[in-house]
Structures are given as structure tokens and as C-alpha cells.
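Subject: Structure handover

Hello,

Here is the structure, with my notes following it. Please read the notes with the model open.

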Amino acid sequence: MSDELIPKVKQMIIDALRIEGMSPDEIDDDAPLFGEGLGLDSIDALQLVVAMEKDFGVVVPDAATGSKVFASVRAMAAYIAEHRQ
Amino acid sequence: MLWIFPGQPLHRESPLPDDDDFLAIARLCRERCGYDLVSHQALSAHGLSPHTMLQVYGVAMSLYRSRKLRHDGLHPDLIAEHSLGVYAALAACDSIGEGDALELVCRIGSSMAGMGQRQPYALGCPIGIDRGVVEQAAAEAGVFVANYNTSGHFLLAGVATGIEAALAACQAAGAFSVSQFPCEAPLHTPLMAELAGELAAIVADYCFQEPAIPLLEHIGQTRLSAAIIPAFLVTELQQPVYWEQTWQTVRTIGFNRCIEVGSGQALTKFNRWIDSEVCR
């Protein structure tokens, strides 16, 4: 169920963070988004929080939740599948 | 095209470049600051504080990137700066030389380092919370908002215990995240007034030429002239950085092509956030 969301989540990341020259296929489903993976930071995290609420109606309330949700694209998709209306 | 010069980085990049431009800047760092850009160590027995070295590093990387851009045939029509970025920005618009920019930030950084020996200061970064809440939390804790970066990204500065209290209040009020960093001086706060005379004496040792390229400052978004640059370098440390207004001003002027000239991409990410709010 949540795996079906993965391509949409990847596109959301690319759009929200305005990542130029990268296609959704280039983002690993399971790679960490922060630190070594895509190298995102707390500014990016807040941008993704807003995008998730706008695109999927899902709220990430705080950084502690965010650290789990943004662990990978797959984790984001799972969280969205679990929490969206 | 707009060039934007970021403030102090939180950490060094890795790996460092090793081309001729980088080596030239590294040589200037050694000669003018007693700082080895490659090993990130002070050369003199007196040493430089870790924060001062990071400040010199930040300016050095901006100077290096400026050189690279010019060698690639890119030239700015307008320059904007955030905090520490002003020193490299002054060099980029030919108001001072690269060596003077490095030496100036090194001397000012060393002067500010003394404040941290008398009192523990800190910076705090609340993210994802409204400006009014941050200002109230800061006021109640006796600290100051030092950077208004976006509608949801702020930097606080002040006494460490006050920063801790302000961040706790922001967290309780619903901030998405809060983080605290040690620092040697409460940059961009009125507390810096105690150092104003000392800093003015340092700045007076340098001769500032009229900027060859318009340079937009981060407080009132006006264009700096040679006559006001010395006073600005002292007073800007006592006032907040208003980056959101600076970027909005740039947009109003009509600039769409922008390059961040320095270490990291913080300003580019702030700008992305500010632009996205226009679309929301």
C-alpha cells in the first residue's frame, strides 16, 4: 500500500526542495535523506513538513517525529499511508 | 545576476579544493591571519579561537568562490550579504582587497572572542514557529533575535542560560525544532555595544573604496557607500540580520538569477522558503 506512494513522495521531495537535474528514479527508496544520503538539513525538513501537509494532508508535528519520518523515502511513504485522511 | 554572501558556517566543508585559486587564498590566510586554511590550525603561538578560525574560513571560502566565478566569466550586477558575509562581499565589490577582508574578520573575531571569556554566550535556532512567539520567548528570557532568516527560521543570541530558556519556551509553544550552539559573542544584539569602541578602532585601520558593484546591506536593505561602511561594520553587529526582507527587496528589484558565494547553501534554502510562501 505505502510502496505505491513512493514515486509520489520522491517527486514531492524534488519539487519541494527544488532539486535540479535529479529524477525520482535516482533517489534510493531506503537511503537516509539527512546526513550522508541526500544531505538534507533542518531547513529542508521544515520545507518537507509543509509539502507533506499540502500534498497529502499529513502533519509531522515535531523534529522527533520528523527524524523517524524522514529516515528514508520508504519511511515517509509509510507515515503518509498511515496518517492521511 | 545577484551574488549573495552567507554568514558564518557551522562547520568546514570536506574535501577542500586544491586548485590555484584556493592555494592563493590559503596563502593570504597564512600571511594576513596566521591561519592555515588546509589544516584549520592557527600558525602563531598566540593562536586563534575555534570560532575566529571558522569565521576566517567562511570568508576565505567566499573569496575563493568569488574567484572561481569570475574565472568562469560570471560577474554580479548586485551583491547582497548576510552577517559575516559582508567582509567577502566588500572584497567582491572592490571596496577592500582580499587580504584586508581576511585580516579584518580575523581581528574582529579575535576581539569578539574576548567576550566569551568573560561570560558564556550561545546561539539558539528555533525553526517552524511564528516570529511573535520567538520575540516574546527571547524577551522573557533576556536574549535577542539576532537573525530573521525566514518566517519560520530564526537565530537567537545572548547569555547561554537565557538561550536555553528561550528555546525551551519555543519548544513548548510548538516549534518544529530547536538547537543551541556555543559562541564567543552575542552577535547582532545590543550586547555588542560594549565592544563598539574597540571594533571601531580596528575598522579605522582600513581604507574602504566606493563599491564598484552595488552592495545591499542586511539591516535596512540600503546600498552601502564607502562613507558609511566603517560605521556599518560596527553597528551591524549590534542589530539583527533581516534576511527575509533583504531577499524580498532583491525580488522586488527584479533579480531572478542568484548565486550563493560561500560555504554551504543556507541562504539558497532560506530563499526557497521565502519564495514558496508567495506561492502558498
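Two strands pair if DSSP finds at least two bridges between them. Strands (E, at least two residues) and helices (H or I, at least four) are DSSP runs, numbered from the N terminus.

The model is predicted, so local features need pLDDT of at least 70 and side-chain atom pairs count only at pLDDT 80 or more, while totals for chains, interfaces and linings use all residues. Residues are numbered from 1 along each chain as its sequence is written, chains are lettered from A and ligands numbered from 1 in the order in which they are written, and side-chain values use heavy atoms, with hydrogens and water left out.

Sheets in chain B

An open sheet of five strands has the order β8-β5-β7-β6-β10 (chain B), with mixed pairing. Its edge strands, each pairing on one side only, are β8 (177–183) and β10 of chain B. Two bridges join β6(B) to β10(B) in the parallel sense. Within that pairing, B:Y148 stands opposite B:Y242 in β10(B).

Strand β1 (residues 2–5) of chain B points B:L2 and B:I4 one way and B:W3 and B:F5 the other, and all are buried (buried is under 20% relative accessible area, exposed over 50%, partly exposed in between; 1.4 Å probe, protein chains only). β1(B) runs parallel to strand β4 (residues 78–81) of chain B, joined by four bridges; there, B:I4 has B:A80 as its bridge partner. β1(B) also pairs with strand β11 (residues 258–260) of chain B, in the parallel sense and over three bridges, where the partner of B:L2 is B:C258.

Aromatic pairs

Rings of Phe, Tyr and Trp (its six-membered ring) pair if their centres lie within 6.5 Å; planes under 30 degrees apart count as stacked, over 60 as edge-to-face and the rest as tilted. The count over all chains is four aromatic pairs. One of them is A:F34 with A:F70, a tilted pair at 6.0 Å centre to centre and 45 degrees between the planes. A:F34 sits in the loop between α1 (6–16) and α2 (42–56) of chain A and A:F70 in the loop between α3 (63–69) and α4 (73–83) of chain A, so the pair ties together parts 36 residues apart in sequence. A:F34 is partly exposed, at 26% relative accessibility, and A:F70 is buried, at 2%.

B:Y148 and B:Y242 form a stacked pair, 5.1 Å centre to centre with 10 degrees between the planes. B:Y148 belongs to strand β6 (residues 144–150) of chain B and B:Y242 to strand β10 (residues 241–242) of chain B, so this pair ties together parts 94 residues apart in sequence. B:Y148 is buried, at 8% relative accessible area. Ring pairs join B:Y148, B:F154 and B:Y242 in a cluster.

Domains of chain B

Chain B is assigned domain 1 (2–118 + 190–279) and domain 2 (121–183); the bounds come from an automatic or database domain assignment. The C-alpha centres of domain 1 and domain 2 of chain B lie 24 Å apart. Domain 1 of chain B gives 17 residues to the contact and domain 2 of chain B gives 16 residues (contact means heavy atoms within 4.5 Å).

About 1300 Å² is buried between domain 1 and domain 2 of chain B, with 64% of that area from carbon and sulfur atoms. Buried area is the accessible area (1.4 Å probe) that two parts lose on being put together, summed over both. B:H51, B:L191 and B:F270 supply 31% of what domain 1 of chain B buries against domain 2 of chain B, more than any other three residues. The interface of these two domains of chain B has zero salt bridges (a side-chain nitrogen of Lys or Arg within 4 Å of a carboxyl oxygen of Asp or Glu).

Regards
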